[in-house]
Amino acid sequence: MAEEQHNANVYELHHEMGYGHVYPEGHIIRVYKHILEWELQLTRGTIFDFGCSTGANLAYFSSLGFIPFGCDTSSVAIANCKNRIPQYADNFFVTPPHADLHALLKGQRLDIFLSNQVFCHLDDKGIRNIVETAYELVRPGGVFIASMMDYSCYFAKYINGESGDFKRVELNTPREKEVSFINFKHREEIEPLFRPFKKLHLGSYGMHIREEEGSSNHWLYIGQKEI
Ligand SMILES: C[S@@+](CC[C@H](N)C(=O)[O-])C[C@H]1O[C@@H](n2cnc3c(N)ncnc32)[C@H](O)[C@@H]1O
């Protein structure tokens with residue numbers, strides 16, 4: 001719990017300094033276009049974004065006609081998210097590092113559960129709790145989308161300790177100097193972590209912009225609740 005709280009505190013400081021995307025990252029748009037729209041014809045419904053930050057992903061899905069819900073540990077992020085999507089302001093919540101999504105969503109049925117670059121900040125038990133709750137909230141045939149950080153991500157070059165399921169990462173690049181606790185995963189660990197969702201796709205995404213940093217590789221899992 002100390003590590004999860006540390007990670008949340010680090011993000012709160014980032015958010016106070018203006019952290020957060022205006023637009024969703026490209027892989028989120030491709031997941032929508034290539035999988036939700038093209039493969040599954042899932043173009044309407046409810047979406048919950050766990051660790052939604054300032055709501056870039058939710059604003060995108062809302063613009064497509066989805067009803068957005070989301071939570072984040074950062075109060076600054078959620079205030080910005082409410083400002084960005086005021087018509088759904090009551091659907092966005094500040095939560096502790098181990099959120100009780102049942103209490104939060106009060107039985108709200110979900111078509112899509114999304115969590116992009118957040119589970120790597122929780123330990124395995126915390127992830128499993130969220131996944132099991134997500135499985136109950138998502139309707140049969142609904143979709144679960146989640147990323148985990150891979151060991152080929154440049155963060156792994158800065159591992160200098162270990163604590164339970166976490167590696168202690170002390171970033172020391174010209175751009176980033178901070179300590180965080182990351183739950184890295186190998187490819188073969190992803191599918192069991194996200195059961196009972198049934199695997200549709202296990203892909204990855206990443207980019208390499210600054211030479212001295214390296215690629216930002218994450219696994220990207222798309223699962224479905226069986227009908
Ligand atoms: C790397 S950002 C990703 C933001 C967003 N999901 C996206 O795709 O752009 C991680 C976000 O997760 C939030 N966060 C960190 N730990 C969390 C936790 N235990 N529960 C919920 N949100 C958390 C941070 O405040 C931050 O907004």
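Helices α1 and α4 lie oblique to each other, a class that takes in the angles left over once those under 35 degrees are called roughly parallel, those over 145 roughly antiparallel and those from 65 to 115 roughly perpendicular. Their contact (heavy atoms within 4.5 Å) is made by Glu-12, His-15 and Glu-16 of α1 and by Ser-75, Val-76 and Ala-77 of α4. These residues divide into two nonpolar, two polar and two charged, where Ala, Val, Leu, Ile, Met, Phe, Trp, Tyr, Cys and Pro count as nonpolar, Asp, Glu, Lys and Arg as charged, and the others, Gly among them, as polar. Two packed helices are described by the angle between their axes and the distance between the axes. Here the axes of α1 (residues 2-16) and α4 (residues 75-84) come within 8 Å and cross at roughly 45 degrees. Axes are lines fitted to C-alpha atoms, for helices over the stretch in contact, and angles between N-to-C directions run from 0 to 180 degrees. Helices (H or I, at least four residues) and strands (E, at least two) are DSSP runs numbered from the N terminus.

The model is a predicted one, in which local features need pLDDT of at least 70 and side-chain atom pairs count only at pLDDT 80 or more, while totals for chains, interfaces and linings use all residues. Residues are numbered from 1 along each chain as its sequence is written, and side-chain values use heavy atoms, with hydrogens and water left out.

Turning to the sheets, seven strands form an open sheet of mixed pairing, in the order β3-β2-β1-β4-β5-β10-β9. Two strands pair if DSSP finds at least two bridges between them. At the edges are β3 (92-94) and β9 (198-205), each of which pairs on one side only. From one strand to the next, the twist averages 15 degrees. Within this sheet, β4 (residues 110-115) and β5 (residues 138-149) run parallel and are joined by five bridges, and Leu-114 stands opposite Ile-145 in β5. Helix α6 (residues 124-137) packs on the sheet and touches β1 (46-50), β4 and β5; the direction of α6 makes about 155 degrees with that of β5.

A further open sheet has three strands in the order β6-β7-β8, with antiparallel pairing. Since β6 and β8 stand at its edges with a single partner strand each, one side of each is left without a neighbour in the sheet. Neighbouring strands of this sheet are turned by 20 degrees against each other on average, direction ignored.

Strand β6 (residues 159-163) pairs with β7 over four bridges, with Gly-161 opposite Arg-168 and Glu-162 opposite Lys-167. Two residues lie between β6 and β7 in their hairpin, and Gly-164 in the turn has a positive phi of about 60 degrees. Strands β7 (residues 166-172) and β8 (residues 177-182) pair over six bridges, and Val-169 has Ser-180 of β8 as its bridge partner. The hairpin from β7 to β8 runs through four residues.

The ligand has 16 residues around it, of which His-15, Gly-51, Asp-72, Pro-97 and Asn-116 come nearest; a residue is near a molecule if one of its heavy atoms lies within 4 Å of it. A backbone N or O atom of Gly-51 lies 2.7 Å from a ligand nitrogen. The side chain of Thr-73 has an N or O atom 3.4 Å from a nitrogen atom of the ligand, whereas the side chain of Asn-116 places such an atom 2.7 Å from a ligand oxygen.

Two backbone details are worth a look on the model. Most residues other than glycine have a negative phi, and most peptide bonds are trans. Gln-41, although not a glycine, has a positive phi of about 50 degrees, and Gln-41 is found in the loop between α2 (26-37) and β1. Arg-195 and Pro-196 are joined by a cis peptide bond with omega of about 10 degrees. Pro-196 belongs to the loop between α7 (187-193) and β9.

Technical notes:
A polar contact is a pair of N or O atoms within 3.5 Å; within protein, one must be able to donate a hydrogen and the other to accept it, and residues adjacent in sequence count only if both atoms are side-chain atoms.
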